[in-house]
Amino acid sequence: MAQKQAGADEKELDDAALAAAKAAALASMPKFGGGAAKPAAAPAPPPPPRAPRRGVGSATVAGAGGGKLDAEEEARRAQRASRFDAPAGAVPPAAAGRQAVLPRPALAVGSAFSAGGDEDAGENDECEGGIRAGAIVGTCEDMCPAPERERRSRLSDIQMFERLDPNNSALTSAELAVKRFARTIDESNNAPQFFRTRGALTRTMQHLRNLLDRQDARLGLIHKFLWDRFRSVRQDLYIQGMDDEFSVNIYEEVVRFHLLSEHELCEEEASITEMEGFNSHLNMEQMNKALISLNDMYNKLAAAGRPSQNEAEFRAYHLLSLMGQHGKFKGDQQAFLSMLQAMRPEVRGSSQIQWVLKLQRSFAANNFVHFFALVRQAPYLLACLSHIYFGQVRARALRVLADTLAPKADMPVTVELSWLVDTLMLDNLEQAQQLCAMHGYDSCVQRGMPLALLVKGAYVDPPPPLPRRRSQLISSMAPATRSLAVTTPALPPMSAEEAIQMEQQRQHALQRLQEGEARQMREAEEEQKQLQATAAAAAAATAAEQDSRQREAEAARLTEEEQEREQEELAQLQRQKALLLQQQEEKRRCLEAEERQRQQELLLQQQEAERQGLLAAQRLAEQQQREAEEHERQRRHRTTVFAASRCRLAALEAERRRKEEERRRLAELDRLCQEELRRLEVRGTYKRLLRRIEERERQARLAANLKACRVGMAVKARAL
């Protein structure tokens with residue numbers, strides 16, 4: 001439906017037409033040196049040592065007091081500061097003593113940016129230190145581990161937002177101290193008590209969210225503190241291997257924080273004279289790393305059947321950052337198209353992604369009118385990220401207008417500055433005049449109307465870095481608080497009809513204001529004419545004329561008050577309408593969230609019921625299997641016992657038969673012996689007598705021999 005509701009100049013594209021449009025957009029885009037990453041050049045020799053100072057990208061908050069840092073901290077700060085002295089294009093030296101760095105996880109899309117900057121650019125700072133993801137389960141329940149809190153208190157290294165006393169840099173508490181980002185994870189800080197649990201991370205994010213809403217400190221100071229602490233949160237998530245919906249919500253909040261800061265702090269850009277200013281390069285670098293991690297989590301959740309509801313929003317941010325060159329980062333059109341092709345159809349067809357594609361086509365075709373019209377339709381954070389391209393689009397617009405409208409190089413063409421303000425989304429005439437002067441075009445005033453003099457061939461590119469200013473229109477889109485901006489999902493871009501309606505309301509209010517100014521000018525002219533006509537009147541009519549002027553002034557004052565009241569009423573109506581729309585949208589989101597939660601609960605209940613049924617069936621099958629095994633074991637036991645009984649019975653029967661046979665044989669033998677004895681009784685009587693005589697003689701001999709042996713043994717015993 002989003003494609004059908006687009007403007008008259010947009011139409012639905014099938015797959016082949018979409019591929020052709022992508023190819024045409026890529027061909028029409030200017031080349032900024034993006035593409036595949038080239039092999040890194042040999043590192044330049046390290047610069048000479050210098051006194052340590054705080055670098056542009058340091059997350060340390062300036063505050064009253066301070067203390068001495070240990071030698072390791074001093075060396076680390078000196079190393080970070082030294083990269084600003086390296087010649088252009090040189091690769092900063094590797095950090096001395098750094099622990100082994102984990103290989104980066106494989107990404108679906110190539111590196112988003114190809115320019116260097118920070119010493120750890122191009123690598124995910126969450127995996128520094130040699131600890132693999134998921135190897136540690138944290139046990140720290142505080143926002144800052146107690147050993148780190150004690151060490152920093154001892155070194156007087158407590159930052160401004162962590163102090164109990166603003167003037168005491170050594171006094172803090174567990175409710176204020178937040179864990180700092182650790183560039184190296186070694187044996188001194190890789191124990192589980194150094195990594196926060198989910199509850200501690202939740203409390204940390206809530207605390208940092210509250211700091212973001214503080215009004216007693218500059219947003220720049222808050223950003224420097226949160227920039228470092230958010231890196232620490234991401235590091236804890238990575239080392240503990242957390243990549244579920246809990247981590248996705250934290251990463252999304254971090255990305256929104258960087259987007260908000262990119263626009264709201266663009267006027268506080270760091271420079272040689274102001275080293276503590278906002279560093280857009282480091283801010284975009286951290287945002288890109290968080291987006292890369294988010295893309296990997298989105299892919300895992302989608303593969304698990306749980307796609308994130310905010311995936312299209314953050315895929316749109318990533319595509320928008322790849323659209324063109326901004327600062328030191330170069331646009332990567334190959335990565336842009338690869339990422340677009342890798343998206344699921346429902347994500348690619350979302351209103352956010354389609355809005356980015358429209359913006360990319362306008363950017364590539366130098367259609368500045370359509371570009372800024374799309375930005376006016378965008379939600380707050382998409383408009384904040386689009387702001388990084390405003391300077392390029394405005395410069396191209398001036399060059400196109402000068403080369404197109406001016407007939408000759410010596411004949412300038414005039415363009416109203418008010419038209420430039422409205423078309424190029426500037427805030428006032430002064431900004432339009434400064435923009436023209438920065439690119440080599442003069443301005444003048446004719447008949448009370450400020451004009452820009454555009455001359456063909458007079459365009460110049462100012463030396464970088466180009467100054468950036470916040471857009472009042474984008475800032476007016478922001479929610480009531482900063483924490484609401486980083487925690488609330490972005491609304492879909494407005495349709496063309498809604499944008500036209502908002503523009504008509506703005507034009508109507510502007511027209512009423514101009515009519516009031518013209519009426520005041522006419523009244524002033526009439527008053528001046530009356531004064532000139534009555535100047536030659538007699539002195540007698542002076543008092544009446546003064547009274548008349550007073551009445552006219554009173555009437556003018558009443559008219560002005562009436563106009564102010566009308567303007568205030570109009571503004572009040574617009575605010576009420578915006579508040580009503582916001583309430584309706586919040587109510588709709590709440591209803592959708594409740595419906596999604598109800599559906600998820602039903603799905604979970606169904607899954608639980610299915611799981612319980614499967615478990616019951618599994619238990620029943622296991623019980624039946626155990627019963628069958630027990631029955632088989634008993635059957636085998638009975639068979640074995642029966643076989644053993646049969647064997648024993650057979651053995652007993654065989655033994656009985658053997659004994660019976662033995663008794664019969666003995667009885668028969670006894671009978672035969674009796675018969676033989678009876679036969680031999682007579683014949684053997686004589687022989688028995690002879691044997692008895694021989695036996696007696698033998699026994700007598702044995703007795704004599706025995707007696708002789710006894711006597712001999714006694715003699716030997718006495719001899720011994």
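Tutor: A crossing is left-handed if the near helix is turned anticlockwise from the far one by less than a right angle, and right-handed if clockwise. The model here is predicted: local features need pLDDT of at least 70, side-chain atom pairs count only at pLDDT 80 or more, and totals for chains, interfaces and linings use all residues. Residues are numbered from 1 along each chain as its sequence is written, and side-chain values use heavy atoms, with hydrogens and water left out.

Student: Which hand does the crossing of α8 and α11 have?

Tutor: Right-handed. By the definition, the near helix is therefore turned clockwise from the far one.

Student: What makes α8 and α11 roughly parallel?

Tutor: Start with the angle. Helix α8 (residues 311-321) and helix α11 (residues 351-364) pack at about 15°, with axes 8 Å apart. Axes are lines fitted to C-alpha atoms, for helices over the stretch in contact, and angles run from 0 to 180 degrees between N-to-C directions. Under 35 degrees counts as roughly parallel, over 145 as roughly antiparallel, 65 to 115 as roughly perpendicular, and the rest as oblique. The two helices are therefore roughly parallel.

Student: Which residues make the contact of α8 and α11?

Tutor: In α8, they are Ala-312, Glu-313, Arg-315, Ala-316, Leu-319 and Leu-320. In α11, they are Gln-352, Ile-353, Trp-355, Val-356 and Leu-359. Contact means heavy atoms within 4.5 Å. By class, eight are nonpolar, one is polar and two are charged. (Ala, Val, Leu, Ile, Met, Phe, Trp, Tyr, Cys and Pro count as nonpolar, Asp, Glu, Lys and Arg as charged, and the others, Gly among them, as polar.)

Student: Why are α6 and α7 called roughly antiparallel?

Tutor: The axes of α6 (residues 245-264) and α7 (residues 280-303) come within 9 Å and cross at roughly 155°. That angle falls in the antiparallel range, and therefore α6 and α7 are roughly antiparallel. The crossing is left-handed. The contact of α6 with α7 has 12 nonpolar, seven polar and three charged residues.

Student: What makes β1 and β2 edge strands?

Tutor: The open sheet has the order β1-β3-β2. Each of β1 and β2 has a single partner strand, so one side of each is left without a neighbour in the sheet. The twist averages 40° from one strand to the next.

Student: How many helices and strands are in the protein?

Tutor: There are 20 helices and three strands. Both are DSSP runs, numbered from the N terminus: helices are H or I, at least four residues, and strands are E, at least two.

Student: How much of the protein counts as buried?

Tutor: Of 720 residues, 34%. Buried means under 20% relative accessible area, exposed over 50%, partly exposed in between (1.4 Å probe, protein chains only).

Terms used: Pairing = 2+ DSSP bridges.
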